[in-house]
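Subject: Structure for you to look at

Hello,

Here is the structure I promised to pass on. Please open it first, then read my notes below.

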Amino acid sequence: MICEVLSVGTEILLGSIVNTNSQVISESLSSIGVTVYKHSTIGDNPTRLKEAIIDSLEKSNIIIMTGGLGPTDDDLTKEIVCQVLGVELELDEMSLDQIKKIFDKNGYTMSANNLKQAYFPKNSIIIKNNNGTANGMILNINDNIIILLPGPPNECVPMLKHTVIPYLKKLSKYKFNSTYLNFIGIGESELEAKLSHLIKNQSNPTIAPYANVGTVTLRITEKTKLGDDDYSKAEEVIKEVENIVGEFLYSKQNESIEEYIVKKMIEKGETISIAESCTGGMLSSSLVDVKGASKVFAEGIIAYDNESKINRLGVKRATIEKYGAVSEQTAREMAIGIRGDSSIGIAITGVSEGGEKEGVTFIGVSYKNKVNIFRYAFTSERNINRMKSVKKALEILKMILN
């Protein structure tokens, strides 16, 4: 089965809202063996919307549309679908009753324009919206399945998962199972080069790399028949990937490096204190974002000013005067000063601006009976350099925790 996802709404095209529905829809469909060939976004224009639906029907046998189910004049998704398919809209009394109850419950009088939300194409399956007034629908006509869902994610996603996916699953003969391998310390291009023979010869399973700042994810997806849980083909590929680039692999659970670090620290009974200058608390914040961080995170200090480094972390004034705030020597004393009763003390000091002579970062790590210093030079813009510094610090933590 081939699906196209059409998102309706001028506000998406203007960038006023982020379209997260398409990602959730594609991810959900892949788990039941439905292939998504195309995502499109159409404004609230009846002519262009009609053209998009006609084009989709020529290429796909499933269309999932989100948005355009509201009560206003520019909410025309159902009306245009009916025009294209040659079917009539008819009043659904249960939907009307549901809308009236929502207004009564909230102490409002139902507006006349809300009545249009109770009309649906004849013979369609109504999808109840438990979080709003816009019910969705499934229409199976001439071997084409048209599914309409409201735009707000808190309405769209529950209807997708509780009704649409179970409905389509009954029609699908296949499913996709994906394993996500997470890497740090290697770039996307280098990873792809090392695995080029696997990527070029892929069929089933498929292999796809995704890059982020400082990390890379490799998705390995195997297609099987429903009821077949034999994923040996994917397992063989995963083993080969591990043999080639296993030193950079930190997880096969599709988790962030921050989640991995917190998990490993909990397992090993480690605690950490962090001193940051150029990163301004980004490393501390990235770890604190992870559930369970309170078990391992002891303290974080943003020592941006030299006096703060001296007074709060015990960095010698003479060290800064002789070597500078951005130096191996200062990073060393910051790491020692912040560690306290923690088992790990880590410090970052650097120049965030990119350039040949700038963008230099020193990361100091005090662990067990050693203090190690790492030097990096970044040439991107300011905030990217800061994020890269954080990822390098996390990469160092991965090394010492493994």
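Helix 3 and helix 4 are oblique to each other. Keep in mind that this is a predicted model. Here is what lies behind the word "oblique". Helix 3 covers residues 46-59, and helix 4 covers residues 77-85. Their axes are 10 Å apart and meet at an angle of about 55°. An angle under 35 degrees would count as roughly parallel, and 65 to 115 as roughly perpendicular, so this pair falls under oblique. The crossing of the two helices is right-handed.

Now find the residues that touch. On the helix 3 side, they are Pro46, Leu49, Lys50, Ile53, Ile54 and Leu57. On the helix 4 side, they are Thr77, Ile80, Val81, Gln83, Val84 and Leu85. Sorted by class, this contact between helix 3 and helix 4 has 9 nonpolar, 2 polar and 1 charged residues.

Look at helix 2 (residues 21-30) and helix 6 (residues 153-169). The two axes come within 11 Å of each other and cross at roughly 20°. Helix 2 is therefore roughly parallel to helix 6. The crossing here is right-handed. Helix 2 brings Asn21, Val24, Ile25, Ser28 and Leu29 to the contact. Helix 6 brings Pro153, Cys156, Val157, Leu160, Lys161, Ile165 and Leu168. The residues in this contact of helix 2 with helix 6 divide into 9 nonpolar, 2 polar and 1 charged.

Then the core. The largest nonpolar core has 28 residues. Those with the most contacts inside it are Ile261, Leu283, Ile344, Ile346, Ile363 and Leu394.

Setting aside neighbours within four places in sequence, Ile261 is in contact with Leu287, Leu394, Leu397, Lys398 and Leu401.

Gly281 sits in the loop between strand 13 and helix 11. Is Gly281 buried or exposed? Its relative accessible area is 13%, so Gly281 is buried. The cut-off for buried is under 20%. Not counting residues up to four places away in sequence, Gly281 touches Glu276 and Ile302. The C-alpha atoms of Gly281 and Ala303 are separated by 9.2 Å, and the two residues are 22 residues apart along the chain.

Asn114 is in the loop between helix 5 (93-105) and strand 5 (119-121). Asn114 is buried too, with a relative accessible area of 5%. Leaving out neighbours within four places in sequence, Asn114 is in contact with Pro71, Ile99, Phe103 and Thr133.

Asn130 lies in the loop between strand 6 (125-127) and strand 7 (136-141). Asn130 counts as exposed, because its relative accessibility is 63% and exposed means over 50%. The C-alpha atoms of Asn130 and Ile102 are separated by 9.8 Å. Along the chain, Asn130 and Ile102 are 28 residues apart.

Best wishes

Technical notes:
Residues numbered from 1 in each chain as written. Predicted model: local features only at pLDDT ≥ 70, side-chain atom pairs only at ≥ 80, totals over all residues. Heavy atoms only, no water. Axes fitted to C-alpha atoms, helices over the stretch in contact; angles between N-to-C directions. Helix = DSSP H or I, 4+ residues; strand = E, 2+ residues; numbered from the N terminus. Parallel < 35°, antiparallel > 145°, perpendicular 65-115°, else oblique. Left-handed = near helix turned anticlockwise from the far one by under 90°. Contact = heavy atoms within 4.5 Å. Nonpolar A, V, L, I, M, F, W, Y, C, P; charged D, E, K, R; others polar. Buried < 20%, exposed > 50% of the residue type's maximum accessible area, 1.4 Å probe, protein only. Core = buried A, V, L, I, M, F, W, Y, C linked by side-chain atoms within 4.5 Å.
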